[in-house]
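I opened my notebook on a structure that was new to me. These are the things I looked up, in the order I got to them.

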Amino acid sequence: MSPNLTLLLISGVLFACGIYLLLERSLTRVLLGLLMLTNGVNLLLLTTGGYAGLAPFFSKGTDPRSYSDPLPQAFVLTSIVISFAVTGFMLALIYRTWQLGRADEVADDLEDRRVAAQSGWVPEEDADVPADLSEFPSLVEAAEADRAALAAAPHAADLPDDAVLGDAVPLAAGPHDEEEPE
Amino acid sequence: MNLASLAPLAVVLPIFGAAVTFLLLRQERAQRIVSIGVVALTLALEVGLLASVWGGGTVAVPIGEWIPPLGITLVVDQFSSLMLVVSSAVSLAVLVYAVSQGIADGDKDGPISVFHPSFLILIAGVSDAFLAGDLFNLYVGFEMLLTASYVLLTLGGTTARIRAGVTYVVVSVVSSLLFLIAIAIVYAATGTVNMADLAVKLGQLSPETQVLLHVMLLIGFGIKAAVFPLSFWLPDSYPTAPAPVTAVFAGLLTKVGVYAMVRTETLLFPGDALNVPLMVVALLTMVVGILGALAQTDIKRLLSFTLVSHIGYMVFGLAMSSVIGLASTVFYVMHHITVQTSLFLVAGLIERRAGTASIDRLGGLAKLSPLLALLYFIPAMNLAGIPPLSGFLGKLGLIQAGVALGTPMALAVVVAGVAVSLLTLLAMARVWGRAFWRTADDADNPDPALLAPARRASMPAAMVGATAGLVGLGLALTVFAGPLFQVSQAAAKEMLDRTPYISAVLGSDAAKLAASHLNQPQGSALPGGQAPGGALPVGQAPGGQAPGGQTPGSQPQTGAKP
């Protein structure tokens, strides 16, 4: 027994187009991509049932092997129902996106952008503790210390952690001095 | 009659409740009573199920008396019933919290009235996934809970939620499609989707096909469980949802993925074919997750990252395929469902009390609300694994198992696990130091609510009560850790043995057959009949035969049992 090549080829084409569309930023195309993928999977499920035999209604005296396998068809039916519901929901989401922002695109996560852009240096946690150890440093002191450290080392903006330690700059310069003679 | 044969009710009751609450859309009060009643009833039923299989005993419930492997089979064993009880207990607490929040905010007939039906469908989906005895029913369970979760995540349809919802829906649909493709290929290769039957038949496939199917299933479940390279959707989508929704998602949805991974690793593909890759994944999940958590300032996002990170522990226990490792995973899943949910509920309370969940803008909460501080402190320490709490016990078991295994990879994960639990402590302590310990004056631009005297409506008693109940459940897991760990161990033994599961569904002959395949060196018994990779292994498709027709003694009968 050999699988149905036509179905497999169509399913492959659907997969390829579906994945291409899924990678787009426009939501409508993403939805179309999902639909194509779903249908590709449905065809794949259908091919797993083997060749198309008789309709699987029981009649006496028929060889059981001549029926087609009804189980994959039941799978496909379930999968179609589910993808129908999800498509409806996605359409509602897309419409709502359009209502809210007049845009049909996958939006950026702003909080994510903010976290990515923030400096690794947090005044409250990373600033020098004052010698008298009285309390946490105030934000003003910490900001001043930061500014002073920045002024001392122009490159320190790239390495904020080093900038916090007042003596980090001469230390970091140390190895270079040793390398130069070599 | 065995109580376990009532297992389908764990799925049917919530669906029935969902239908009733949907009819009662305009009657808020009746909706609340019905949904809380239904969840409580389901919980009681599941406690009964757990009691009936406690200490050993697996029960298969064939729906409509179809003889397995035909038809749908629900399987109750110790692992699934433990998961059911913990998940329903957590859902009940979250439901009380959500109802109380709704009453406090006085939202009349908004879109919020869809909350109850969706929430109940979610519970039905989770129960179905835990009980499913065949892959396709597992898929249907996943789809039920996912579809409900789409609605819950986008409640209200605000810009942020719609944005998060789109990502979440697309990622979930893709993961479901991967799972469905895996089901298709499994069916093509074996002619069955019944998990017990697969346990017998997958062992007869060539090793290449086995690895292909194994990896496909694990990727499908891995997206749902938010395992490292597949975890980026989670911190992106969860934090925007309402607090109770995020809490129940964090507690249950990823754990359903972990549950499915456990079943795949123990029942379908026993042995250690993919143990090392799984350990690498576990290590990366732990480390990348917690590093993400340390960078966050929003408490809900921070908690989402710790959620991802701690999935790594569960995968680690699973990857060792030893009794103690798997038992620790079972225990850790119970612990983590409870603790992570209570932390998200506390984050919701913080947001209500202080007007923000950003730790930069918070301060002085310990003085403002000592009760809230206590409710945060206990689960936070529990999550970080401070002795003697349950998080410590779970991690201890995992570390013991790792050291006992002793391979370099396992030891590396053990070291990473200890480091990650310290980093979790750091992340939790950062929240504690900023939000609770420092004075409100130190906060950047504190919300007026933080400086104002307490309003009655900001922390309704039932919301605090539900959170406290869940924190109490977390402590109970510590107090009763002895018996719970014993039952986890028994569950792990059962799962690694496979015989109880297979013989409950298919009878003891099938179990013997499965064990005999396992003892053979893999693939050597088969002539290399199947093309590895590329070609679809349809060669073994039943082509005309009824599914499962190869199994001795099972003929396609129409329901009527002799």
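Predicted model: local features only at pLDDT ≥ 70, side-chain atom pairs only at ≥ 80, totals over all residues.

How many helices and strands does the secondary structure of chain B come to? I got 22 helices and two strands for chain B. Helices here are DSSP runs of H or I with at least four residues and strands are runs of E with at least two, numbered from the N terminus.

Residues are numbered from 1 along each chain as its sequence is written, chains are lettered from A and ligands numbered from 1 in the order in which they are written, and side-chain values use heavy atoms, with hydrogens and water left out.

**Chain B overall**

I found that 63% of the 562 residues of chain B count as buried (under 20% relative accessible area, with a 1.4 Å probe and protein chains only). For contacts (heavy atoms within 4.5 Å) in chain B between residues at least 6 apart in sequence, 81% join residues at least 24 apart.

**One residue, N137(B)**

I picked N137(B), which sits in helix 5 of chain B. Is N137(B) buried or exposed? It counts as buried, because its relative accessibility is 9%. Leaving out residues up to four places away in sequence, N137(B) touches I72(B), L74(B), D128(B) and A132(B). I also checked N194(B): it is 57 residues from N137(B) along the chain, and their C-alpha atoms are separated by 9.1 Å.

**Where the chains meet**

Chain A puts 47 residues into the contact and chain B puts in 45. Between them the two chains bury about 3900 Å², which is the accessible area (1.4 Å probe) lost on putting them together, summed over both. Carbon and sulfur atoms account for 70% of that buried area. On chain A's side, T48(A), F75(A) and F89(A) supply 14% of the area buried against chain B, more than any other three residues.

I searched the whole structure and found six cavities of 30 Å³ or more. My terms: on a 1 Å grid over the protein atoms alone, a cavity is a set of points where a 1.4 Å probe fits but cannot get out; a pocket is an open set with protein on both sides within 12 Å along at least five of seven lines; lining residues have an atom within 4 Å of a point. Points are joined across faces, edges and corners, and a volume is the space filled by probe spheres set on them.

The largest cavity holds about 150 Å³. It has 17 lining residues, and those nearest its centre are T38(A), S83(A), V86(A), V173(B) and L177(B). Helix 3 of chain A gives the most to this lining, six residues.

The second largest cavity holds about 100 Å³. Its lining includes F142(B), Y168(B), K224(B) and W233(B). Helix 6 of chain B gives the most here, with four residues.

Then I turned to the second largest pocket, with about 730 Å³ of space. Of its 33 lining residues, T167(B), V171(B), F232(B), W233(B) and D236(B) are the closest to its centre. Helix 6 of chain B gives the most to this lining, with six residues.

Conventions
Buried < 20%, exposed > 50% of the residue type's maximum accessible area, 1.4 Å probe, protein only.
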